[in-house]
Amino acid sequence: GVPRKPGMTRDDLFNTNASIVANLIKAGAQACPEAMFCIITNPVNSTVPIAAEILKKEGVYNPARLFGVTTLDVVRSNAFIAEAKGLDVSHVEVPVIGGHAGITILPILSQSKPSVTFEQSELEAMIRRIQNAGTEVVDAKAGAGSATLSMAYAAARFVNSLISAMNGKNGVVECSFVESNVTKAPFFSTPVLLGPSGVKENYGIGQISDFEKKLLGEAVAELLINIKKGQEFAKNYTPK
């Protein structure tokens, strides 16, 4: 897909990237129907539902084999928390649930390993920075593109984890935007256990703070809009 430019949201990419994803998924469904489909093209909140609908049209949809790659939000959360608390980033892991845009990105700092604490104002500022980190990069590049190396690193981490699980490694867990019944949103990112056939178990949200519950409600409301937009596009999609 195409990257963002200053002033653009991920949703502004929809018209161009929706068609790109639909065409690629249709081709993939026909050439390799049992593939693991990992979607990293923005807006992920909409492109994953597009992929699901195209796979359904082709008669090969398997929800355990379709992933929205939201690993970059986890990587950023780990880095920012480690920096703020003087920790080794390789030993920090923060689950990020929801989606992959703005307020749908919900880092669950209350579940951070190791455990960390922030004053409320610091907590809110940290969550905002994680949510807006992509825009920070877009603005810094001043029209030259969006996140590239960090996105590539996140993609490599997720795909390497998936391949390890496909090859029999046990206990491989990554957050991913998948078909879900954890919330009212039909797609939602949570930690999932990966296995030889894709998603083996969805670990759900777990215990979260009252503040995180408030943010969760806002995230789900936005996600429902994003998901519906993708589904409506796919219903009317005609290959060119």
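**Reading the labels on a predicted model**

Colleague: Why does E136 count as partly exposed?
Modeller: The relative accessibility of E136 is 40%. Buried means under 20% and exposed means over 50%, with partly exposed in between. So E136 counts as partly exposed. Bear in mind that this is a predicted model.

Colleague: What makes E136 and R129 a salt bridge?
Modeller: Their side chains come to 3.3 Å, N to O. The cut-off is within 4 Å, so the pair qualifies.

Colleague: How many salt bridges does the structure hold?
Modeller: Nine. One of them joins K235 to E232, with the closest N and O atoms 3.8 Å apart. That value is within 4 Å, so the pair counts.

Colleague: Where do K235 and E232 lie?
Modeller: Both are in helix α7. They are three residues apart, about one turn of the helix. K235 is at 54% relative accessibility, so K235 counts as exposed. E232 is at 36%, so E232 counts as partly exposed.

Colleague: What joins E83, R129 and E136 into one network?
Modeller: Salt bridges that share partners.

Colleague: Why is no salt bridge given to D73?
Modeller: The nearest side chain of opposite charge is R76, at 4.3 Å. A salt bridge needs a distance within 4 Å, so D73 has none.

Colleague: Where is D73, and which residues does D73 touch?
Modeller: D73 sits in helix α3, residues 71-85. Leaving out residues up to four places away in sequence, D73 touches V96, G99, H100, I105 and I130.

Colleague: Which residues touch the most other members of the largest nonpolar core?
Modeller: I25, L66, I81, L109, F188 and L216, out of 52 residues. A second, separate core has ten residues, including M36, V69, V192 and L194. In soluble globular proteins, nonpolar side chains tend to be buried together.

Colleague: What does L66 touch?
Modeller: Among its contacts are F37, I39, V48, Y61 and F177, with residues up to four places away in sequence not counted.

Colleague: Which residues form a nonpolar patch on the surface?
Modeller: V159, I163 and M166. Together they have about 220 Å² of accessible area.

Colleague: Why is I225 called exposed?
Modeller: I225 is at 56% relative accessibility, and exposed means over 50%, so the label holds. I225 is in helix α7, residues 210-235.

Colleague: Why does K169 count as exposed?
Modeller: K169 is at 53%, also over 50%, so K169 counts as exposed. K169 lies in the loop between α6 and β5.

How values were computed. Residues are numbered from 1 along each chain as its sequence is written. This is a predicted model: local features need pLDDT of at least 70, side-chain atom pairs count only at pLDDT 80 or more; totals for chains, interfaces and linings use all residues. Side-chain values use heavy atoms; hydrogens and water are left out. Patches are made of residues with over 30% relative accessible area and no salt bridge: like charges are joined within 9 Å, nonpolar side chains (Val, Leu, Ile, Met, Phe, Trp, Tyr) within 5 Å. Accessible areas come from the Shrake-Rupley method with a 1.4 Å probe; for residues, only the protein chains shown count as cover. A nonpolar core is a set of buried Ala, Val, Leu, Ile, Met, Phe, Trp, Tyr and Cys residues joined through side-chain atoms within 4.5 Å. Buried means under 20% relative accessible area, exposed over 50%, partly exposed in between (1.4 Å probe, protein chains only). Contact means heavy atoms within 4.5 Å. Helices (H or I, at least four residues) and strands (E, at least two) are DSSP runs, numbered from the N terminus. Lys and Arg count as positive and Asp and Glu as negative; His and the chain ends are not counted.
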